[in-house]
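Please look through the sequence and the 3D structure shown below before reading on.

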Amino acid sequence: MVWQDRLDPDPARPAMTQLTSARYSRGVRVFHWLTVLLIAGAYVTVNVRTLLEKGTPERTLVMQSHFLFGLAVLLVALPRIVSRLGSKAPPIQPPPPDWMHRAGHLTHGLLYAFIIVQPLLGLVAGLVEGGVGLPGGLRIPELFGPDKALSHDLKAIHVWLGTAFYYVIGLHILAALFHLWVRRDNTLQRML
């Protein structure tokens, strides 16, 4: 593959061996891609809801699925963070400039905050509204007592953050592609 050739400065060393040794641990990679799929599911379901008529069983199911994706992101967040903290990041080759390295750390910090704060906001907003329904008739009961005004405010923040993170996630994807196609380093390959 072309990108393996770019990674392999030593033609005598097999590209796959170098690629394997230059990757994050299996746990970090699994949790990363699982989180990507769950967040994509949350975004897809919340956007599909707008295509459905309010009060219909289909819209209710889509919103219940949205809550389920959000809860799954939250449940995966802790083991993901523990997995990441428990393994050393493979070096980026060739090393990026310091400003780029710091920008990457800032973006990752924002992404980690997002995978914790965003589902928590959605969960608390639902609980304060009167409980959260999940597919299959499961329900997380209200814990705080209904407070429509607080629920409304939390939902507004949840929606704002969700919109803002379209851009942060987009920046993350663009940065990975920039590293692959422009800088021609191993940033993206470390997570594959």
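How many helices and how many strands make up the secondary structure of the chain? In this predicted model, the secondary structure comes to 6 helices and 2 strands, and when the chain is read along the sequence these elements follow the pattern α-α-α-α-α-β-β-α. The chain has 192 residues, of which 36% are buried.

**How the helices pack**

Two packed helices are described by the angle between their axes and by the distance between those axes. The table sets out these values for two pairs.

| Helix pair | Axes come within | Crossing angle |
|---|---|---|
| helix 3 and helix 6 | 13 Å | roughly 140° |
| helix 5 and helix 6 | 8 Å | roughly 155° |

Helix 3 covers residues 26-48, helix 5 covers residues 98-129, and helix 6 covers residues 148-183. Why are helix 5 and helix 6 described as roughly antiparallel? Angles over 145 degrees count as roughly antiparallel, and the axes of helix 5 and helix 6 cross at roughly 155°, so these two helices are roughly antiparallel to each other.

**Salt bridges**

Side chains of opposite charge can pair when their charged atoms come close. A search of the whole structure finds 2 salt bridges. In one of them, E129 pairs with K155, and the closest N and O atoms are 2.8 Å apart. Because E129 lies in helix 5 and K155 lies in helix 6, this pair ties together parts that are 26 residues apart in sequence. E129 counts as partly exposed, with a relative accessibility of 32%, and K155 is also partly exposed, with a relative accessible area of 33%.

In the other salt bridge, D185 pairs with R183, and here the closest N and O atoms are 2.4 Å apart. Is D185 buried or exposed? D185 has a relative accessibility of 3%, and since buried means under 20%, D185 counts as buried.

D147 is placed in the loop between strand 2 (139-140) and helix 6, and D147 is partly exposed, with a relative accessible area of 35%.

**Residues of helix 3 and the surface**

Which residues form a nonpolar patch on the surface? The patch is formed by W33, V36 and L192, which together have about 240 Å² of accessible area. W33 is found in helix 3, and W33 is partly exposed, with a relative accessible area of 36%.

L37 lies in helix 3 too, and L37 is exposed, because its relative accessible area of 60% is over the 50% that the word requires. The C-alpha atoms of L37 and F69 are separated by 9.2 Å, while the two residues are 32 residues apart along the chain.

Methods
Residues are numbered from 1 along each chain as its sequence is written. This is a predicted model: local features need pLDDT of at least 70, side-chain atom pairs count only at pLDDT 80 or more; totals for chains, interfaces and linings use all residues. Side-chain values use heavy atoms; hydrogens and water are left out. Patches are made of residues with over 30% relative accessible area and no salt bridge: like charges are joined within 9 Å, nonpolar side chains (Val, Leu, Ile, Met, Phe, Trp, Tyr) within 5 Å. Accessible areas come from the Shrake-Rupley method with a 1.4 Å probe; for residues, only the protein chains shown count as cover. A salt bridge is a side-chain nitrogen of Lys or Arg within 4 Å of a carboxyl oxygen of Asp or Glu. Helices (H or I, at least four residues) and strands (E, at least two) are DSSP runs, numbered from the N terminus. Buried means under 20% relative accessible area, exposed over 50%, partly exposed in between (1.4 Å probe, protein chains only). Axes are lines fitted to C-alpha atoms, for helices over the stretch in contact, and angles run from 0 to 180 degrees between N-to-C directions. Angles under 35 degrees count as roughly parallel, over 145 as roughly antiparallel, 65 to 115 as roughly perpendicular and the rest as oblique.
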